[in-house]
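The structure is shown below.

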Amino acid sequence: MTTPLPTTAATPTTPTSTPTTPDTSRDRRAFVAPLVATLLTLPTAAVALFFAGISPMACDSCGTAASDRFDASYEVAFTVFGFGLLVVLVLLVAAWALPWQRRYAAARVWCAVAAPATVVLDFAVFHGLVDWP
């Protein structure tokens, strides 16, 4: 007669996972990214606004048909440019307004990097929308 082997049920071994808590410690260097972004973005936006503002002089000596096309495209492009500058302002405010905790460091840096890049993109879109003579 054979005796049956004792069967032991395999107990599933799951690693004990500890819930990760977000790092809420204060980031002592949280001001660096927004400060650098502000120092880059505001002068860049001022220069872009200056060149967008004086661009109607490009068509001072145009004929009537070319001037009409330019004026119509400039109105649309300058409106889009203005809304783009509002997006830049929102990015800068977000970079400064995020809580100065380590867990928001990545979002703060992304907003800070996106602000001057958005100024350049905004001016490129403006330049592309205008029907230059």
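## Basis

Two residues are taken to be in contact when heavy atoms lie within 4.5 Å. The model described here is predicted.

## Asp-27

Asp-27 is located in the segment before helix 1. Its relative accessibility is 10%, so Asp-27 counts as buried, the cut-off for buried being under 20%. Apart from neighbours within four places in sequence, Asp-27 is in contact with Trp-100, Gln-101, Arg-102, Ala-105 and Arg-108.

## Packing of helix 1 and helix 2

Two packed helices are described by the angle between their axes and the distance between the axes. For helix 1 (residues 32-54) and helix 2 (residues 64-97), the angle is about 170° and the axes are 11 Å apart. Because angles over 145 degrees count as roughly antiparallel, helix 1 and helix 2 are roughly antiparallel to each other.

On the side of helix 1, the residues making this contact include Pro-34, Leu-35, Thr-38, Leu-42, Leu-49 and Gly-53. Helix 2 contributes Tyr-74, Phe-78, Phe-81, Leu-85, Val-88, Leu-92, Ala-95 and Trp-96. By class, the contact of helix 1 with helix 2 comprises 16 nonpolar and 3 polar residues, with no charged residues.

Among the buried residues of helix 2 are Ser-67, Phe-70, Ser-73, Ala-77, Gly-84 and Leu-91. Tyr-74, Phe-81, Val-88, Leu-92 and Ala-95 are also buried, and these residues take part in the contact with helix 1. The cover over the buried residues of helix 2 includes helix 1 and helix 3 (105-129).

Methods:
Residues are numbered from 1 along each chain as its sequence is written. This is a predicted model: local features need pLDDT of at least 70, side-chain atom pairs count only at pLDDT 80 or more; totals for chains, interfaces and linings use all residues. Side-chain values use heavy atoms; hydrogens and water are left out. Axes are lines fitted to C-alpha atoms, for helices over the stretch in contact, and angles run from 0 to 180 degrees between N-to-C directions. Helices (H or I, at least four residues) and strands (E, at least two) are DSSP runs, numbered from the N terminus. Angles under 35 degrees count as roughly parallel, over 145 as roughly antiparallel, 65 to 115 as roughly perpendicular and the rest as oblique. Ala, Val, Leu, Ile, Met, Phe, Trp, Tyr, Cys and Pro count as nonpolar, Asp, Glu, Lys and Arg as charged, and the others, Gly among them, as polar. Buried means under 20% relative accessible area, exposed over 50%, partly exposed in between (1.4 Å probe, protein chains only).
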